[in-house]
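This briefing concerns a predicted model and is meant to be read beside the sequence and the coordinates.

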Number of protein chains: 2
Amino acid sequence: MLPVVAVHGGAGTIPKEKEREMAVCAGMRDAARASYGVLKAGGSAVDAVVEAVRLLEDNPLFNAGRGSVLTVNGGVEMDAIVMDGRTLASGAVAAVKRVANPVKVARLVMDKTSHMCLAADSALQFAKEMGIPEVSEESLKTDYAVMRWQKNLAPDADPVVSQMGKMGTVGAVAVDVEGNIACATSTGGFINKMDGRVGDTALIGCGAYADNRVGAVSPTGYGEAIMKVTLARLIIFYMEQGKSAEEASDLGLAYMKERAQGLGGVVTVDSRGVWAARFTSLQMAWAAAQDDVIHYGLFHGEDFTQPAQQQS
Amino acid sequence: MLPVVAVHGGAGTIPKEKEREMAVCAGMRDAARASYGVLKAGGSAVDAVVEAVRLLEDNPLFNAGRGSVLTVNGGVEMDAIVMDGRTLASGAVAAVKRVANPVKVARLVMDKTSHMCLAADSALQFAKEMGIPEVSEESLKTDYAVMRWQKNLAPDADPVVSQMGKMGTVGAVAVDVEGNIACATSTGGFINKMDGRVGDTALIGCGAYADNRVGAVSPTGYGEAIMKVTLARLIIFYMEQGKSAEEASDLGLAYMKERAQGLGGVVTVDSRGVWAARFTSLQMAWAAAQDDVIHYGLFHGEDFTQPAQQQS
């Protein structure tokens, strides 16, 4: 069963273009494959989830790192988190600007400070002190993100509806060969959000939770709904009560729908390596790697496979 | 049983000065009494917890608002949160500067935006747009805070040990006459923290949780430990499983001690109005008001009372 990694590329609806769907699925498989390679080489679960998320931040198809949605003022502000199930240690950045890979900064917060979350300009300052290069805001913007930003500035636009349709938060959960568990999540947040908005992704228990005794969860979806029900911790709690990764994920997502009228999805893994990719949205891009097989899907009920050795 | 409010003024050790102890207890009673007055006049639970926390932010004895500890660079950066158990709506500010009452800004985030947390300079900008005056950083600093900051800059100083001894995060939980539940928490954070550090107080599920179906919790203690176990949501979970407010609080705090080696305390209330003030630290300043009686205490086992009508 071990090692295992599962990744997601956001819950919602991908624009109905076959080419984009295929590219999104390829991005998922590539991230799962690379992360699985880290694990197979004896790398830690933390190394594996950070590598998966780094690749997805670099992939402009997803709303994280390059490809992030823009704030109402046309900027790029990102949230990211990593959590180590061995110690419950975690690191996060909130509303950080001008770094290519927020998840790397989150990991440095975890490894190099006594704190667990740094925000805004101070997070960038810390990143620079740690040797992370500052990049231009423009380098993080895609034409697609700029187009959507402009569209949502229109007086009759509804960013909530727009966002519900097209998400792209990325995340990963993994169990390494030693049985250690970790997760990471990264996002550009909510389309046309206010400057300084911190969403679920920066918040332990909301946008991530990992505990070696139980498992790990990386959610995606409507951030404020995820926060209202502390979705990641809620699903871990159901698992502690004996539910499977799949049952717990479904229960948590159903609870979020009922209490907070929010749709979303998760990748979840338990301590034995049983994984689940579940969602209440129309679609969620996901992939998982286990026993040298890559699983992936986009719509409910899909579970395509290919050998892990095969290139996308 | 209703209405009821319980407040805390931080877990830890108050410097052994009888005069300071008495002033801290008076501050607790005053906040509980004023908040109880809001509830008796038919005010909402949200109104009541915000009023209690506002008073404690204004009281220089506590580590919130005026009286906050300083960052390593001698600044004042505050976290605050409010949560409405009716809707699970919440508002928070993280690492906000130059506002007298972060809890008021947190409430405006909840009431006036579609988001749940704003960070740093953007939170201040939002506050100003909402008509909250910007104040000087100096106006938030007390001589005591400056003295402790200087002391902890010494090469052999240990801010963690120093902070473990002297906390002062403030918080409140309340149930109003209609049975609605709310909580609020506010803090200057961790002594000599890095600029931009976001602690548990800004994070839903960590520094606050309120749910009309269950109850509410406002924690205090070592922020990073509270975050590791998402303490407020954890205690609500235990209550959902049938534990009393007191049992659930003790279980949550014991779990935090075991898993995250952290001490702290909470005020907790259930939907019927049963309240608890529990802590694993040596002391926690707390007070509660119910049935026209003010309860208060500082050391384990204390439960002093005085009529709610009496002045401190």
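The points below are grouped by topic, after a short note on conventions.

The model is predicted, so local features are given only at pLDDT of at least 70 and side-chain atom pairs only at pLDDT 80 or more, whereas totals for chains, interfaces and linings use all residues. Residues are numbered from 1 along each chain as its sequence is written, chains are lettered from A and ligands numbered from 1 in the order in which they are written, and side-chain values use heavy atoms, with hydrogens and water left out.

**Interface of chain B and chain A**

- Chain B contributes 42 residues to the contact and chain A contributes 42 residues, a contact being heavy atoms within 4.5 Å.
- The two chains bury about 3600 Å² between them, with 60% of this on carbon and sulfur atoms; buried area is the accessible area (1.4 Å probe) that two parts lose on being put together, summed over both.
- His115(B), Lys228(B) and Arg259(B) supply 17% of the area that chain B buries against chain A, more than any other three residues.
- Four salt bridges are found across the interface, where a salt bridge is a side-chain nitrogen of Lys or Arg within 4 Å of a carboxyl oxygen of Asp or Glu.
- Glu258(B) forms a salt bridge with Arg213(A), and the closest N and O atoms of the pair are 2.5 Å apart.
- Between chain B and chain A, 14 residue pairs are in polar contact, both residues being at pLDDT 80 or more. A polar contact is a pair of N or O atoms within 3.5 Å; within protein, one must be able to donate a hydrogen and the other to accept it, and residues adjacent in sequence count only if both atoms are side-chain atoms.
- Elements that give two or more residues to the side of chain B that touches chain A include α4 (120-129), α8 (231-240) and α9 (245-260) of chain B; helices (H or I, at least four residues) and strands (E, at least two) are DSSP runs, numbered from the N terminus.

**Strands of chain B**

- Seven of the seven residues of strand β6 (residues 181-187) of chain B are buried, where buried means under 20% relative accessible area, exposed over 50%, and partly exposed in between (1.4 Å probe, protein chains only).
- Both faces of β6(B) are covered, with Ile181(B), Cys183(B), Thr185(B) and Thr187(B) on one side and Ala182(B), Ala184(B) and Ser186(B) on the other.
- Strand β2 (residues 78-84) of chain B pairs with β6(B) in the antiparallel sense over six bridges; two strands pair if DSSP finds at least two bridges between them.
- Ile81(B) stands opposite Thr185(B) in β6(B).
- Strand β5 (residues 170-175) of chain B also pairs with β6(B) in the antiparallel sense over six bridges, and Ala172(B) has Ala184(B) as its bridge partner.
- β5(B) and β6(B) form a hairpin with five residues between them, and Gly179(B) in the turn has a positive phi of about 85 degrees.
- Strand β10 (residues 275-279) of chain B is largely enclosed by the rest of the structure, because four of its five residues are buried.
- β10(B) pairs with strand β9 (residues 264-270) of chain B in the antiparallel sense over five bridges.
- The hairpin of β9(B) and β10(B) has four residues between the strands, with Gly273(B) in the turn at a positive phi of about 105 degrees.

**Salt bridges within chains**

- Over all chains, the count comes to 38 salt bridges.
- Asp47(B) forms a salt bridge with Arg107(B), the closest N and O atoms being 2.7 Å apart. The pair links helix α2 (residues 45-58) and helix α3 (residues 102-112) of chain B, the two residues being 60 residues apart.
- Arg278(B) forms a salt bridge with Glu246(B), with 3.7 Å between the closest N and O atoms. Arg278(B) lies in strand β10 and Glu246(B) in helix α9 of chain B, so the pair ties together parts that are 32 residues apart in sequence.
- Lys141(A) forms a salt bridge with Glu138(A) at 3.2 Å between the closest N and O atoms; Lys141(A) is buried at 17% relative accessible area, whereas Glu138(A) is exposed at 54%.

**Gln290(A)**

- Gln290(A) belongs to strand β11 (residues 283-290) of chain A and is buried, with a relative accessible area of 9%.
- The side chains of Gln290(A) and Trp275(A) are joined by a polar contact of 3.2 Å.
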